[in-house]
Amino acid sequence: MFTDEALDSVSVQSLWRTSQQSAQESRGCQTGPVHTAEAETQTVQCATSCTQTEPQYQETEQLLQQNHDELEPPGLQDFLQQVEDTAIRELVKNTRSHAFDEFQVNWEDHSQLVSCLHCLQHPSAQERGLHVTAVSWSCTGSVIACAYGRIDDGDWSTERSCVCTWNLDRRNLNPKQADLVIDVPTAVTALCCHPDQPAFIAGGLYSGEVVVWDISRTQDLVLVQTGMSADSHREPVYQVAWVPLQKKGDFGVLSACSGGRVLLWIVDSDQGSFVLSAAYALVQQQVPHSSYTSFKARGSSTVGVTSLALSPWDSDTFLVGSEGGLLLRCSFSSQALAAASSEGQSVTLRAPAVFPFRPRSGPVHSIHCSPFHRNLFVSAGTDGLAHLHSLLQTNPLLSLRVSDSYVFHVQWSPTRPLVFAAATGQGAVQIFDLGRRSLKPAATIEQGGADHPATCLAFNSQNPHLLAVGKTDGTVSVWQLSHDLTEQSPREISQLEQIANHVAE
C-alpha cells in the first residue's frame, strides 16, 4: 500500500508529465516562419536635350560674304537707278489715295447673307387663322414677343387673340410651343417691350384699350389697363411706344389710334392704374400745309393715325402718319388747343402738328427715325415705296421701290447707318444698303411665298445679327444676318451725312 506521501509524489509526477506533453503539442501547432522581402523600382527618367534653330554668328557672316561675292545680274543696278524716282512718286501717291479706305479683311463665309435660325409658331393661333400683327425684342435681346390679330377685313371686336413670348436662350427651345401665352379678349394691334424692364410689355388693342403686362408674375399678368373710360381711345390703337419722362428712369406709354388722338399715359404703381398725362388731337383744319402740296380733307375732320415714331435725338419731337397719307412732325410741348371736344376728359386736347411733309397717295403704315442722324427718318406705306426724309425738308430726299404691293413695316439697322429693312405685302423682306451704287436690295428674305404678307419686323439691338419677321400665316421667323449687313464701314457715317445734306427737288 502506498502512503499519502507516496501518492502525492506520484500525482505531482503525473501532472508534470501531462504539462510537458501539452507544451510539446502546443509547439507542434506553430506555423513555419513567414518570409518577407522588400523591393523598390524607379520609373521616372529625366533627359535634357537642346537644339540650335538659327545659324551661328560665324556661319551667318560666311553666308553674307558668299552672297556679296556673287556677281549681280548685268544691268540690275542701272535699272534700279532708272526706276527709283518713278517708284517713289507712286508710293507717295498711294499714301494720299482713299481707294481702300472702306476695305476690311473679312474671313467669314459670304455665301449666305441671311439664314433662318428659328421659325416660331403658336398652333392655336394658326388654327384660327390669326395674323402676326407686331413683334418686339426684350431689352436683354433674349426674348421675342409676338402679337396676334388680323390685318384683313372682318369683325375683330369679338375675336379673341393672344400675345406669345419665346426665350431664344433656353436650352430646350420648342419653336412650336411658346414659353408664355397671354390670352387677350380682342385683337392685339400694337406691341412694344420696355427699354429697361425685361418683364414689361405694352400693347394696344382693337377695342381702344392700352395694356401693360408684367410677364414676371405667375398670375394676373395685367399690370395696368386703361379700360373704357372718357380718357381712353374709342378706336383701334395702331401704335404704342415707351416714352422717357422727366424723372430719370421713368417711362410713360404713348398710344395713337385711328380716331386721330395721341395719348400719353403714366403708370401709377400705387393705384395699379394708368393716369392720362397729356392728350393730342389731329384735326384736318389745324394741320399745317406747305406750298408744295394741296391736301384736301376727305370725309371725317379727324386725321386717323396709323403710324408713329419718336425721335431718339429730340425728346420733344414725334412723327405721325395717317390713313389719308399725311406725314407730320409734331411737338409734345405744343400749347395750341385742338379744335375737338374735350368734354368728359381729364386733360385738355392740344394740337401737336408743327411741320408737314409731302403727303403719300395712301395710308402711311410705318415710320422710323435714324439712330445715327438726328434729321433723317424713313417712311413706307401702300404706295410700295420707302421714302427717306429730312426733318428740315418737305419733300423726300430719296424714294426707293420696295414692292409692287404694300409695305407694312420699315426699320433702320441698329448698327449699320446706311441699312434699313422693309416688310412687304408680297411676303418678302427687302434689306437696302444706301452705301451701294445700286439702289436694288442688298438682300432679300423670302419664306412662305407671296400668299402670306410680311406684316412686321424688328432688329435686335442687343444682338444685331438677329432680325425677327412676322407674317400672316402666324409664324415668326428669326433670321441671322451676315457680317456685311451688321458691321459698320469706316466712311459710313460721312456718307449718311452727305445724304442728309442733299437738297430734295
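Trainee: Are Asp433 and Arg416 buried or exposed?

Mentor: Heads up, this is a predicted model: local features need pLDDT of at least 70, side-chain atom pairs count only at pLDDT 80 or more, and totals for chains, interfaces and linings use all residues. Buried means under 20% relative accessible area, exposed means over 50%, and partly exposed is in between (1.4 Å probe, protein chains only). Asp433 and Arg416 are both buried.

Trainee: What is the N to O distance in the salt bridge of Asp433 and Arg416?

Mentor: A salt bridge puts a side-chain nitrogen of Lys or Arg within 4 Å of a carboxyl oxygen of Asp or Glu. For the side chains of Asp433 and Arg416, the N to O distance is 2.9 Å.

Trainee: How many residues apart in sequence are the parts that Asp433 and Arg416 tie together?

Mentor: Helices (H or I, at least four residues) and strands (E, at least two) are DSSP runs, numbered from the N terminus. Asp433 is in strand β25 (residues 428-433), and Arg416 is in the loop between β23 (407-412) and β24 (419-424), so the separation is 17 residues.

Trainee: Which residues join Arg416 in one salt-bridge network?

Mentor: Arg416 also has a salt bridge with Glu492, with the closest N and O atoms 2.7 Å apart. That pair links distant parts of the chain, as Glu492 is in helix α5 (residues 492-500), 76 residues from Arg416. Glu492 counts as buried because its relative accessible area is 0%. Through shared partners, Arg416 is networked with Asp433 and Glu492.

Trainee: At which residue does helix α3 bend?

Mentor: Helix α3 covers residues 76-96. A bend is the angle between axes fitted to the seven residues ending at a residue and the seven starting there. In α3 the bend is about 45°, at Val83.

Trainee: How many aromatic pairs does the structure hold?

Mentor: Rings of Phe, Tyr and Trp (its six-membered ring) pair if their centres lie within 6.5 Å; planes under 30 degrees apart are stacked, over 60 edge-to-face, and the rest tilted. The count for the structure is 9.

Trainee: Are the rings of Trp265 and Phe274 stacked, tilted or edge-to-face?

Mentor: Their centres are 5.7 Å apart. The planes of Trp265 and Phe274 sit at 50°, so this pair is tilted.

Notes: Residues numbered from 1 in each chain as written. Heavy atoms only, no water. Expected span 1.5 Å × (residues − 1).
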